[in-house]
Amino acid sequence: MGNNRVFVIGVGMTTFEKPGARDGWDYPAMAKESGTKAIADAGISFDQIDEAHVGYVYGGSTSGQRAVYELGMTGIPITNVNNNCSTGSTALFLAARSIRGGLAECALALGFEKMQPGSLSTDGLSDREPPLKRHIQAEAELFEFAAPAAPWMFGAAGLEHMQRYGTTPEHFAKIGEKNHRHSVNNPYAQFQDEYTLEEIQGAKMIYAPAELTRLQCSPTSDGSAAVIVASEAFVDKHNLSAQAVEIVGQAMVTDLESTFADKSAITIVGADMSRHAARSVYDQAQLGPDDIDVIELHDCFSVNELLTYEALGLCGEGDGGKLIDAGDTTYGGRWVVNPSGGLISKGHPLGATGLAQASELTWQLRGTADRRQVLGAKAALQHNIGLGGAVVVTAYRPAER
């Protein structure tokens, strides 16, 4: 693999909205909005883009082409990406690899999702094995199955954490309170309301054994986000260094033998994948957890945010609750985690989520995140996970540093 430097030069996203809230809003229009914003942010034209990688989970083959054609039709290679909830960051991973390997000078990663209300649905293919069947069966051997599957899988992992380490349901509820509070300052967020801890705890119960309530769960969402990456030569040629943010480390990790061998719900929902990816990224970037200022991580459920604190090395195994009690993951603490409001409050259109995370961190490192700004942010970390499974972790630093 090549070692060319990779820079984010343009980002853009739509607001994330409740499915169907914007009448007639289809994925080509979503993609046009986010892609046009990213191109304008980069200060380039579409015909300078060498290739595009387009992520979505729900949609027909070549929907990526249909989306990109709203921006231009220049014959460039366009790939369609589906990697469950890590789809957007997988598209970014592929675009960055092309730059790093010298196969392209400028590449677009675009993601979108047009979803149905309610819990995540399957693809409707009843004549073949669901890709998560093995994961669900393995977890059902540890904790009694409950529908819908996603909150049960993560909720049971939270229950396991409580049994092992003495974590309490209040720790998970505090994460929901924090992320909703952060979202008040994010005009792109699906929800922009602040709740008390008591309101979080008193919301509709979704998985009772872990006391996981609706306000600790990410919603289904419509929306799109886009990121443009480029080589160092492209950045220099077009005088983009002042706005460019470098990807200083990036790794994708899929399921390991430990996913099933450990007989642990925490591992089944991806903690080991996240841990391995984070270690690789820290090594590439020559950074450690204490060097990071701001983090966007995959809080599909409040439980997973706490599990990810530990997987990213922000604390020791079992100590995630201590970070929460100390206020270490919000403004004024050691890190600001999910200043955007995270998936819980910003929303979770699967194909766009990873690229929205990347957009937020780009704004943070440029110092243009408005009321969400983490003062003095010099290094950022992104974590995006999809069960089945894939984790993408990415580290960023400003080009001018």
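The model is predicted: local features need pLDDT of at least 70, side-chain atom pairs count only at pLDDT 80 or more, and totals for chains, interfaces and linings use all residues. Residues are numbered from 1 along each chain as its sequence is written, and side-chain values use heavy atoms, with hydrogens and water left out. An open sheet of ten strands is present, with mixed pairing. The structure also holds five aromatic pairs.

**The sheet**

- Helices (H or I, at least four residues) and strands (E, at least two) are DSSP runs, numbered from the N terminus.
- The strand order is β3-β2-β4-β7-β1-β8-β12-β11-β9-β10.
- The edge strands are β3 (78-81) and β10 (336-337), and each pairs on one side only.
- Two strands pair if DSSP finds at least two bridges between them.
- Strands of a sheet pair through backbone hydrogen bonds, either parallel or antiparallel.
- Strand β9 (residues 294-296) runs parallel to β10, and two bridges join them.
- Ile295 has Val337 in β10 as its bridge partner.

**Helices against the sheet and each other**

- Helix α3 (residues 87-100) lies across β1 (6-13), β2 (51-55), β3, β4 (106-113), β7 (223-231), β8 (245-254), β11 (380-386) and β12 (390-398).
- Helix α3 runs at about 120° to β8.
- Axes are lines fitted to C-alpha atoms, for helices over the stretch in contact, and angles run from 0 to 180 degrees between N-to-C directions.
- The axes of helix α6 (residues 169-183) and helix α12 (residues 302-311) come within 8 Å and cross at roughly 100°.
- On the α6 side, the meeting residues are His171, Phe172, Ile175, Gly176, Lys178 and Asn179.
- On the α12 side, they are Ser302, Val303, Glu305, Leu306 and Tyr309.
- Contact here means heavy atoms within 4.5 Å.

**Aromatic groups and a charge over a ring**

- Rings of Phe, Tyr and Trp (its six-membered ring) pair if their centres lie within 6.5 Å; planes under 30 degrees apart count as stacked, over 60 as edge-to-face and the rest as tilted.
- Tyr56 and Phe112 form a stacked pair, 5.1 Å centre to centre with 10° between the planes.
- Tyr56 lies in the loop between β2 and α2 (63-68) and Phe112 in strand β4, so the pair ties together parts that are 56 residues apart in sequence.
- Tyr56 is buried at 5% relative accessibility, and Phe112 is buried with a relative accessible area of 2%.
- Buried means under 20% relative accessible area, exposed over 50%, partly exposed in between (1.4 Å probe, protein chains only).
- Tyr27, Tyr56 and Phe112 form one aromatic cluster.
- The charged end of Arg22 sits over the ring of Trp25, 3.8 Å from the ring centre.
- A charge sits over a ring if NZ of Lys or CZ of Arg is within 6 Å of the ring centre and within 35 degrees of the ring normal.

**Two buried helix residues**

- His135 lies in helix α4 (residues 133-140) and is buried, with a relative accessible area of 4%.
- Not counting residues up to four places away in sequence, His135 touches Met153, Asp255, Thr259, Phe260, Ile268 and Gly388.
- Phe234 lies in helix α8 (residues 232-237) and counts as buried at 8% relative accessibility.
- Leaving aside neighbours within four places in sequence, Phe234 is in contact with Ile9, Ile44, Gln48, Glu105, Cys106 and Leu240.
- Phe234 and Glu194 are 40 residues apart in sequence and 42 Å apart in space, C-alpha to C-alpha.

**Backbone spots to look at**

- The peptide bond from Ala147 to Pro148 is cis, with omega near -5°.
- Pro148 is found in the loop between α4 and α5 (149-165).
- The peptide bond from Gly388 to Gly389 is also cis, with omega near 5°.
- Gly389 is in the loop between β11 and β12.
- Thr62 is not a glycine, but has a positive phi of about 65°.
- Thr62 sits in the loop between β2 and α2 and is partly exposed at 43% relative accessibility.
- Gln286, not a glycine either, has a positive phi of about 55°.
- Gln286 lies in the loop between α11 (271-285) and β9 and is exposed at 63% relative accessibility.
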